[in-house]
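This report concerns one protein model. Please consult the sequence and the structure shown here alongside the text.

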Amino acid sequence: MNVKNNKRRRESQEKIERAFIELLQTCEIKDITVSNLIKTTGLNRSTFYANYIDIFDLADKTREKLENDFSNLFADYDYFNERTGALKMFKHIKENQIFYKTYFKLCYDDKHLVSIYDTRRAKKEHIDSNIKYHIEFFRNGLNAIIKLWLANGCQEAPEEMAAVLKQEYRGR
C-alpha cells in the first residue's frame, strides 16, 4: 500500500532526491529528465510519478526541504547574540556545501536562503524607518556572501566568515 509516509515511500523519495542533487552538480535542471533519475536510482517511473508531478515539482519540494532544514537550524537562535548565530550558520554551510550549492541552483525565482530577520532587533537598533529596505539589503548581502564563499569552496574558516559578517554589519 502506498501510504503517504510509509518507510518504503520515504526511502524512495530520499533516493530520488539524492540522485537529483547529484545530477544537479553536473547538469542544469532543464537537462535532467525522469529517465535520468530512474536510471540512476533503479526505481520505476511509476514510483517517481507517485511522488512528484514532474522534475520541477521535485525541484520545488527539494528546495522547500532545504529551506525548512535551514530554518530549523535557527529554531532556538538567540538573535541578540549574532556572533554564535553567524558561526553556527557558517559551520553548517561548510559541513553541507553540496546542499547549499543545490539550494542556490534551485532558486530560479530569486528566493533567499536567509529569510529570517529579527524585527525586534531592528527596533532595538532604531531601524524603524524604511525597515523593508534594510531587511532586503541585509538578506541580499548575506546571500551574496554565502554564494561567493560556496563558489570558492568555503576556503575561509567559518569563524573568519562570521567575523566578515560582523564587520560588514558594523556590530549592530
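## Basis of the model

The model is predicted, with local features requiring pLDDT of at least 70 and side-chain atom pairs counted only at pLDDT 80 or more, whereas totals for chains, interfaces and linings use all residues. Residues are numbered from 1 along each chain as its sequence is written, and side-chain values use heavy atoms, with hydrogens and water left out.

## Overall fold

The protein contains nine helices and zero strands, where helices are DSSP runs of H or I with at least four residues and strands are runs of E with at least two, numbered from the N terminus. Along the sequence the pattern is α-α-α-α-α-α-α-α-α.

Of the 172 residues, 37% count as buried; buried means under 20% relative accessible area, exposed over 50%, and partly exposed in between, for a 1.4 Å probe and protein chains only. Considering contacts (heavy atoms within 4.5 Å) between residues at least 6 apart in sequence, 67% join residues at least 24 apart.

## Packing of α1 and α2

Helix α1 (residues 7-24) packs against helix α2 (residues 34-41) at an angle of about 115°, and their axes are 9 Å apart. The axes are lines fitted to C-alpha atoms over the stretch in contact, with angles from 0 to 180 degrees between N-to-C directions. The two helices are therefore roughly perpendicular, a class that covers 65 to 115 degrees.

On the α1 side, the contact is formed by Lys-15, Ile-16, Ala-19, Phe-20 and Leu-23, and on the α2 side by Asn-36, Leu-37, Thr-40 and Thr-41. These residues divide into five nonpolar, three polar and one charged. Ala, Val, Leu, Ile, Met, Phe, Trp, Tyr, Cys and Pro count as nonpolar, Asp, Glu, Lys and Arg as charged, and the others as polar.

## Nonpolar cores

A nonpolar core is a set of buried Ala, Val, Leu, Ile, Met, Phe, Trp, Tyr and Cys residues joined through side-chain atoms within 4.5 Å. The largest has 20 residues, and those with the most contacts inside it are Met-89, Phe-90, Ile-93, Leu-142, Ile-146 and Leu-150. Helices α4 (55-73), α5 (82-95), α6 (97-106), α8 (131-151) and α9 (158-169) each supply at least two residues of this core, and α8 gives the largest share, six residues.

Leaving aside residues up to four places away in sequence, Leu-150 touches Ile-93, Gln-97, Tyr-100, Lys-101 and Phe-104. A second, separate core of 17 residues includes Phe-20, Ile-29, Val-34 and Ala-59.

## Glu-14

Glu-14 lies in helix α1 and is partly exposed, with a relative accessible area of 39%. Glu-14 and Thr-62 are 48 residues apart in sequence, and their C-alpha atoms are 9.9 Å apart in space.

Key:
Parallel < 35°, antiparallel > 145°, perpendicular 65-115°, else oblique.
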